[in-house]
Amino acid sequence: MSTILPVAQRGESILRLTAAKVAQTELNSEWLKQLAEAMYATMLERNGVGIAAPQIYVSKRVIIVASRPNPRYPDAPEMDALVMVNPEILEKSELTVLGEEGCLSVPDERGQVARAQTIQLRYLTLEGVTVETTLTGFPARIVQHEVDHLDGVLFIERIG
Ligand code: ZN
C-alpha cells in the first residue's frame, strides 16, 4: 500500500520554487521509487491525470503523466502512467491548441490554456535510462502543465 499524501494548494510557497534536478546518485534508488509510488497513489486518489513532485511537498524534478479518456478529453489516449525524471522539453510545435485544464493544487478553478500541440521531450526513467519521445495532444498538454509545476508556474497564470 502506497501512502496517499496531502497536496500543496495554491498560495503555498513550495509551488513557487524551481525544483531541483534528481541527482545521479538518486537514480535507481529506493527513495526515488517510493516517491513515484506516493505520487501515483495520491494522483489516482484525486482522479488526476498527472502530478508533479512539488505538489506533494518534494521540490524535485519528477512528474507522472497518466492520460486516459475523460469527459473533457474523450479522445485522450489511454496510456500506462509514465514517470519522468528530470523531464526536458526539447522542442515545442509552433501550433498551439486551447484546452481546458484543472489542477490538484487549484481544485476550485478550471480554464482554457494554450499549449503547444506537439512536443519533443527527453527524460530519465526511475532507473536512469534516457528516453526521447514525441507527444501530441492531451499527453503533451499534461507534460507542459507538469513541467510548469517544476518551474513554479500554475496553469492559472497562463490564462488570459
Ligand atoms: Zn497541476
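Buried means under 20% relative accessible area, exposed over 50%, and partly exposed in between, computed with a 1.4 Å probe on protein chains only. This is a predicted model: local features need pLDDT of at least 70, side-chain atom pairs count only at pLDDT 80 or more, and totals for chains, interfaces and linings use all residues. Residues are numbered from 1 along each chain as its sequence is written, and side-chain values use heavy atoms, with hydrogens and water left out.

View 1. C103 (SG), H145 (NE2) and H149 (NE2) are the protein donors of the zinc ion. They lie 2.1 to 2.2 Å from the ion. Donors are N, O and S atoms within 2.8 Å of the metal (3.2 Å for Na, K and Ca). Water is not among the atoms, so sites may look incomplete. Along the chain, the donors follow the spacing C-x41-H-x3-H. C103 and H149 link distant parts of the chain, 46 residues apart. C103 sits in the loop between β4 (96–101) and β5 (111–116), while H149 belongs to helix α2 (residues 138–150). Helices (H or I, at least four residues) and strands (E, at least two) are DSSP runs, numbered from the N terminus.

**View 2. Burial of C103 and H149.** C103 has 11% relative accessibility, so C103 counts as buried. H149 counts as buried because its relative accessibility is 2%.

**View 3. R141 and its surroundings.** R141 is placed in helix α2. Its relative accessibility is 5%, so R141 counts as buried. A polar atom of the R141 side chain lies 2.8 Å from the backbone oxygen of V97. The R141 side chain also reaches the backbone oxygen of G99, at 3.4 Å. A polar contact is a pair of N or O atoms within 3.5 Å; within protein, one must be able to donate a hydrogen and the other to accept it, and residues adjacent in sequence count only if both atoms are side-chain atoms. Leaving aside neighbours within four places in sequence, R141 is in contact (heavy atoms within 4.5 Å) with residues including Y73, L98, E100, E101, V113 and R115.

**View 4. N47, a positive phi in a loop.** N47 is a residue other than glycine, with a positive phi near 60°. N47 lies in the loop between α1 (30–45) and β1 (50–52). At 62% relative accessibility, N47 counts as exposed.

**View 5. N86, a positive phi in a strand.** N86 is not a glycine, yet has a positive phi of about 50°. Its place is in strand β3 (residues 82–92). N86 has a relative accessible area of 9% and is buried.
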